[in-house]
Amino acid sequence: MNNQASKLKDYVKNNNMEINNKHKFHKDNSRIIAVSSGKGGVGKSTITVNLALALRELDQDIFIIDSDIGMANIDVLLGLNSKYDLNHVLEGICTLKQAVETGPYGLNVLSGISGLDDVLNVSNDNIKHLLTGVSEIEKEYDVILLDTGAGASQSVINFTTAADEILLVLTPEPTSIMDSYSLIKLLSSSNYQGKLHLVVNRVNSNQEADKIINRFINTAREYLNLDIELLGKIPDDHIIQESIKKQQPVFKLHPDSQVNDKFLEIAGNLVGIEPELPSRGIKSFFYKLVGQITPGR
Ligand SMILES: Nc1ncnc2c1ncn2[C@@H]1O[C@H](COP(=O)(O)OP(=O)(O)OP(=O)(O)O)[C@@H](O)[C@H]1O
Ligand SMILES: [Mg+2]
């Protein structure tokens, strides 16, 4: 076992956590986690990739759906050159499985859904193409991470609320906090029933961040009746920019950095949390996304 993996496994063990993987609790269905934010540019794509890599260290099989058209998208971060995307699947040009690219470190990626609105305005034929392929991949992954676009457009909300869990990313800036609050308000009014996780990124002062986090979590509980669970804080650190520039994950470039330890800790916390509701799986996710009636469990 390498150093990363043993560090993380120790963390999970020391915190009396269980590693939930498909061989244990989620025999059939994958956990589907949308990585979302109120404001753009707060680090969703960076966190998606580095968290995915840390989860790999816990033997989790990971599938990333990149619905982001931002600058540092998943393809760029991983140095991938994908042939297909979800639009090809909807058109019936390839199956979902064929569209999944296996990137470095065993990460599976469905890339570049350019324009979520297109996905939501699909014909019955498109839906058929998509859903026939879904069962084929259902059993293969422990965790499916959706890197979503920023903000609270209807399409982002649809994508986000179709997931079983949401990992909300915010930074300690007032604008990010305000926009995150608007987003969770929308989630609350859309009657979102899933789990809400929080990662605070670009932290310079732990003390300041803790105050902000407490206030945010308490306000959400008090006014929106939403329970938010903090997974961790990531420092503001130039090695993140270096990692993007070099298209190398943080754990490769700086395995002993604090940033890397934080990603491992967040991964450990995530797998240690048993979702209250059983995951409904990817089929249910896509059904929900395209506005169909959710199939029975
Ligand atoms: N912890 C950090 N420390 C320093 N810089 C960071 C950190 N996290 C992210 N960044 C920087 O912020 C920029 C935006 O990050 P990223 O592209 O991951 O955000 P995003 O939320 O996915 O953006 P978008 O909303 O456009 O999709 C990156 O170029 C990266 O350089
Ligand atoms: Mg992004």
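Predicted model: local features only at pLDDT ≥ 70, side-chain atom pairs only at ≥ 80, totals over all residues.

In terms of secondary structure, we have 14 helices and eight strands. If you take the contacts with a separation of 6 or more, 81% of them are between residues 24 or more positions apart.

Let's start with helix 2. That's residues 44-56, and it has 13 residues, going 18 Å from its first C-alpha to its last, close to the 18 Å expected at 1.5 Å a residue. Helix 2 is mostly covered, with twelve of the 13 residues buried.

How do helix 2 and helix 13 cross? Helix 13 is residues 258-272, and the two axes come within 8 Å, crossing at roughly 65°. Since 65 to 115 degrees is the perpendicular range, that makes helix 2 roughly perpendicular to helix 13. The crossing is right-handed. On the helix 2 side the contact uses Asn50, Leu51, Ala54 and Leu55, and on the helix 13 side it's Phe263, Leu264, Ile266, Ala267 and Val271. By type, that contact comes out as eight nonpolar residues, one polar and no charged.

While we're on helix 13, look at Asn260, which is found there. Is Asn260 buried or exposed? It's buried, with 24 other C-beta atoms within 10 Å. Leaving out residues up to four places away in sequence, Asn260 touches Val250, Phe251, His254 and Pro255.

Now the second pair, helix 9 and helix 10. Helix 9 covers residues 174-189 and helix 10 covers 206-224, and they pack at about 25° with their axes 11 Å apart. Anything under 35 degrees counts as roughly parallel, so that's what we call helix 9 and helix 10. Their crossing is right-handed. Helix 9 brings Ile177, Ile184, Lys185 and Ser188 to the contact, and helix 10 brings Ile212, Phe216, Ala220 and Leu224. That splits into six nonpolar, one polar and one charged.

To recap: helix 2 on helix 13 is roughly perpendicular, and helix 9 on helix 10 is roughly parallel. That's it from me.

Conventions: Residues numbered from 1 in each chain as written. Chains lettered and ligands numbered in written order. Axes fitted to C-alpha atoms, helices over the stretch in contact; angles between N-to-C directions. Helix = DSSP H or I, 4+ residues; strand = E, 2+ residues; numbered from the N terminus. Parallel < 35°, antiparallel > 145°, perpendicular 65-115°, else oblique. Left-handed = near helix turned anticlockwise from the far one by under 90°. Contact = placed C-beta atoms within 7 Å. Nonpolar A, V, L, I, M, F, W, Y, C, P; charged D, E, K, R; others polar. Buried ≥ 20, exposed ≤ 12 C-beta atoms within 10 Å, placed from the backbone. Expected span 1.5 Å × (residues − 1).
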